[in-house]
Amino acid sequence: MIERRRFDQLQELVGRCRSRRELMRCADFKSFLTEKISTRLSREKTLSLDVFDTLLLRNDKSEIRRFHEIAERSRLLLATSGEAGTLTTNDLLAARLLATQASYRASMARNGCREGHLHDIYRTLCRLLSLDCRYARLFVRLEIDYESENVSLNDCLDECVREFRDQGGRVILVSDMYMTARMITELLERLGAPLEVYGTVFSSADVTFSKRSGKIYKFIEAELGSSADVFLHIGDDAEADFYQARRQGWDALHLPISSREIARRNRDLRQTQTRLSQYSGFDVNRV
């Protein structure tokens, strides 16, 4: 059993910073983090990284704002195709939220785990709104485009990865996400992080097992033919990326989202909910 413990110096520095983007570009911090990682790695080890909010840093938009902006782009796509009809951005937003819930609930369970899939989400959305299912593929492309504009590569981790690979080390990416490994790979390539640098991508959308359940860690060991003690995993989620990894015998480092960034996202969430409610009567909590 891994006991809860106080943040160490690395977690404190990241957790208190104003912006992780700025912190990761600071020469002193980059040296500190690089040394912290290098002392835990050898060429015989595997460096494992979470994707979103670790290797790829999100901006301060809340999830509901991201979904609303994607819904607006989807409406414009339909309007250009002459298919929008009376559909509004809020219709598309509500359908997206319902389709996401349905994708997770309807997915086939695997050893007690379920996971959503972006293609399934948009196929369900099309059925809910009586749209031709060919739009599902276009909506997926649109969402990848949107994500590429709203995340940025973590320069510090990118340098660590490249240096480790140059020394002969192995790197993998592990994500709890409804995006498949292929989608994540395309997104990384757009941001200058090609697969030949980052190695294999494991996504819960493909394998169903997740980091939060802890079961993806053993799945990866079996896939790579490696024992738990060769892995160092780094991620932002304390439970999924740190405690669960440690419970499975992996070494782990926690790089949290800073408290100020969380506060800005929460403020954006409240503001977005208020705008939706006041100007269009849309209540996110009732979907």
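Here are some notes on the overall fold and on Glu221.

1. Ground rules: this is a predicted model, with pLDDT of at least 70 needed for local features and 80 or more for side-chain atom pairs, while totals for chains, interfaces and linings use all residues. Residues are numbered from 1 along each chain as its sequence is written, and side-chain values use heavy atoms, with hydrogens and water left out.

2. The protein has 14 helices and seven strands (DSSP runs numbered from the N terminus: H or I with at least four residues for helices, E with at least two for strands). Its radius of gyration is 20 Å, close to the 19 Å from the globule rule for 287 residues, so it is as compact as a globular protein of that length (taken over C-alpha atoms; the rule is 2.2 Å times the number of residues to the power 0.38). The C-alpha box along the principal axes is roughly 60 × 40 × 35 Å.

3. On burial, 54% of the 287 residues count as buried (under 20% relative accessible area, with a 1.4 Å probe and protein chains only). As for contacts (heavy atoms within 4.5 Å), take those with a separation of 6 or more: 71% of them join residues 24 or more positions apart.

4. Now for Glu221, which sits in helix H12, residues 215–224. Is Glu221 buried or exposed? Glu221 counts as buried because its relative accessibility is 11%. Neighbours within four places in sequence aside, Glu221 is in contact with Ser226, Ser227, Ala228, Phe231, Gln248 and Trp250.

Key. Buried < 20%, exposed > 50% of the residue type's maximum accessible area, 1.4 Å probe, protein only.
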